[in-house]
Amino acid sequence: MFGTIGANARLFLSVTGVVEAATGVALLLAPALLIEVLLGAAPDTPVGTTAARVAGAAVLSLSVACWLARDDLALKAVKGLVIAMLFYNFAVVAILVLGWLRHGIAGTAFWPVVAAHIVLGVWSIACGWASTRIADR
């Protein structure tokens, strides 16, 4: 599916790097606030806060990988990163929507975050299709 990754992927990785960095830093520094806005309830235990901070470190790591890879588009590792971000974005959508369906969790930023992850997931697919068309030439 992924041939040479093009300029669209550079923008995708740059945007993903910035957005996920903001999310990761927010989860590390103010997990209760971000979770309240996203899910409508703050983590009410030290375990919940610690888990949110671990998630913040993971998301921040994704952002660093995306940001650093944005200039190495020909590498197979970058193609793998775009595929990983495809999985990540649609997994986040599935997890959030399942939480909404089963438990009614949703804060003020819930649907905008779901929509953003759908857009980023579709964008990563578009990066793959564009790279396939470039490789076929």
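In which hand, left or right, does α3 pass α4 in their crossing? The crossing of α3 with α4 is left-handed. The views below come from a predicted model.

**View 1. Helices α3 and α4 cross.** Helix α3 covers residues 46-69 and helix α4 covers residues 76-103. Two packed helices are described by the angle between their axes and the distance between the axes. Here the axes come within 10 Å and cross at roughly 145°.

**View 2. Residues in the contact of α3 with α4.** From α3, the residues that make the contact are V59, L62, A65, C66 and A69. From α4, the contact is made by V78, L81, M85 and Y88. Sorted by class, the contact has 9 nonpolar residues, no polar residues and no charged residues.

**View 3. A nonpolar patch on the surface.** The patch is formed by V18, V64, W67 and L68. Together these residues have about 380 Å² of accessible area. Helix α3 gives the patch its largest share, 3 residues. L68 is located in α3.

**View 4. The salt bridge of R10 with D71.** The structure holds 1 salt bridge. In the pair R10 and D71, the closest N and O atoms are 2.7 Å apart. R10 lies in helix α1 (residues 7-29) and D71 lies in the loop between α3 and α4, so the pair ties together parts that are 61 residues apart in sequence.

Note on methods. Residues are numbered from 1 along each chain as its sequence is written. This is a predicted model: local features need pLDDT of at least 70, side-chain atom pairs count only at pLDDT 80 or more; totals for chains, interfaces and linings use all residues. Side-chain values use heavy atoms; hydrogens and water are left out. Axes are lines fitted to C-alpha atoms, for helices over the stretch in contact, and angles run from 0 to 180 degrees between N-to-C directions. Helices (H or I, at least four residues) and strands (E, at least two) are DSSP runs, numbered from the N terminus. A crossing is left-handed if the near helix is turned anticlockwise from the far one by less than a right angle, and right-handed if clockwise. Contact means heavy atoms within 4.5 Å. Ala, Val, Leu, Ile, Met, Phe, Trp, Tyr, Cys and Pro count as nonpolar, Asp, Glu, Lys and Arg as charged, and the others, Gly among them, as polar. Patches are made of residues with over 30% relative accessible area and no salt bridge: like charges are joined within 9 Å, nonpolar side chains (Val, Leu, Ile, Met, Phe, Trp, Tyr) within 5 Å. Accessible areas come from the Shrake-Rupley method with a 1.4 Å probe; for residues, only the protein chains shown count as cover. A salt bridge is a side-chain nitrogen of Lys or Arg within 4 Å of a carboxyl oxygen of Asp or Glu.
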